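Dear colleague,

I am passing a structure on to you, and I would be glad if you kept it open while you read this message.

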Amino acid sequence: ALREAMATYLRDRWRVRVDTGFLPVIGTKEFVAWLPTHLGMGPGDVVVHPTTAYPTYEVGARLAGAEPVPCDDPSRLDAATAERVKLVWLNSPANPHGEILTPERLRAWVDWCRANDAVLASDECYGEFGWDADPMSVLDPHVLGDRDATGILAIFSESKRSNLAGYRAGFCTGDPELIAGLTEIRRHGGMMMPAPVQAAMAATLVRFDHVAEQRARYRE
């Protein structure tokens with residue numbers, strides 16, 4: 001039921017079709033913190049994150065022993081740093097300043113990560129809250145075109161859209177191979193989502209009435 005709800009949410013809200021490759025997470029904060037470690041990163045590796053950002057991107061890099069590098073434009077990364085980048089974090093709409101990345105900027109990061117063999121992780125937990133522009137997922141066909149999701153992860157949260165922060169409920173989707181590997185690691189690490197939280201997600205992801213109320217609350 002949860003897999004069906006995640007697929008429905010992605011299709012109806014984000015114009016993204018995913019049949020396989022879903023990973024429920026115990027709140028996206030823990031996923032952000034542990035992703036570099038779960039990807040096998042360590043000393044000598046670089047995690048790129050936005051220059052003004054949620055601090056857990058940097059904390060996650062340091063937990064893995066990797067080097068966090070703030071950067072908002074891939075063209076500004078020097079060659080020596082670029083060759084050590086294993087993970088790039090995007091956040092749109094951004095916390096705390098609210099910037100929404102255009103399809104062109106999203107595409108530039110996708111192209112750069114693929115050219116440099118880096119994983120691109122797009123934190124889209126504030127996706128329902130764009131005021132002056134409509135946020136777009138990195139998995140949107142306008143960004144990827146006819147390409148698949150190889151090397152790309154998109155992360156969604158119920159904390160903001162459904163006001164379920166205390167439930168610790170979110171999910172990741174994208175590259176099926178990456179998702180499969182992360183699922184195995186997290187299963188053995190005890191990071192399975194409890195059944196009641198799965199039920200709450202399945203119930204709320206397919207509904208949008210409460211999201212409109214939440215948008216109005218945030219906007220006010």
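Below are some notes on a helix contact, the nonpolar cores and the aromatic rings.

This is a predicted model, in which local features need pLDDT of at least 70 and side-chain atom pairs count only at pLDDT 80 or more, while totals for chains, interfaces and linings use all residues. Residues are numbered from 1 along each chain as its sequence is written, and side-chain values use heavy atoms, with hydrogens and water left out.

Helices (H or I, at least four residues) and strands (E, at least two) are DSSP runs, numbered from the N terminus. The axes of helix α2 (residues 28-38) and helix α8 (residues 176-188) come within 12 Å and cross at roughly 105°, where axes are lines fitted to C-alpha atoms, for helices over the stretch in contact, and angles run from 0 to 180 degrees between N-to-C directions. Glu30, Phe31, Leu35 and His38 of α2 meet Leu182, Ile185 and Arg186 of α8, contact meaning heavy atoms within 4.5 Å.

A nonpolar core is a set of buried Ala, Val, Leu, Ile, Met, Phe, Trp, Tyr and Cys residues joined through side-chain atoms within 4.5 Å, and buried means under 20% relative accessible area, exposed over 50% and partly exposed in between (1.4 Å probe, protein chains only). The largest such core has 42 residues, of which Val88 and Trp112 touch the most other members. Helix α1 gives the largest share of this core, six residues. Apart from its neighbours within four places in sequence, Val88 is in contact with residues including Trp109, Trp112 and Cys113.

The whole structure holds 10 aromatic pairs, where rings of Phe, Tyr and Trp (its six-membered ring) pair if their centres lie within 6.5 Å, and planes under 30 degrees apart count as stacked, over 60 as edge-to-face and the rest as tilted. Trp109 and Trp112 lie three residues apart in helix α5, about one turn of the helix; their ring centres are 6.2 Å apart and their planes at 75°, so the pair is edge-to-face. Trp109 is buried at 3% relative accessibility, and Trp112 is buried too, at 14%. Phe129 and Trp131 form a tilted pair, with 6.2 Å between centres and 55° between planes; Phe129 is buried at 7%, whereas Trp131 is partly exposed at 35%.

Best wishes
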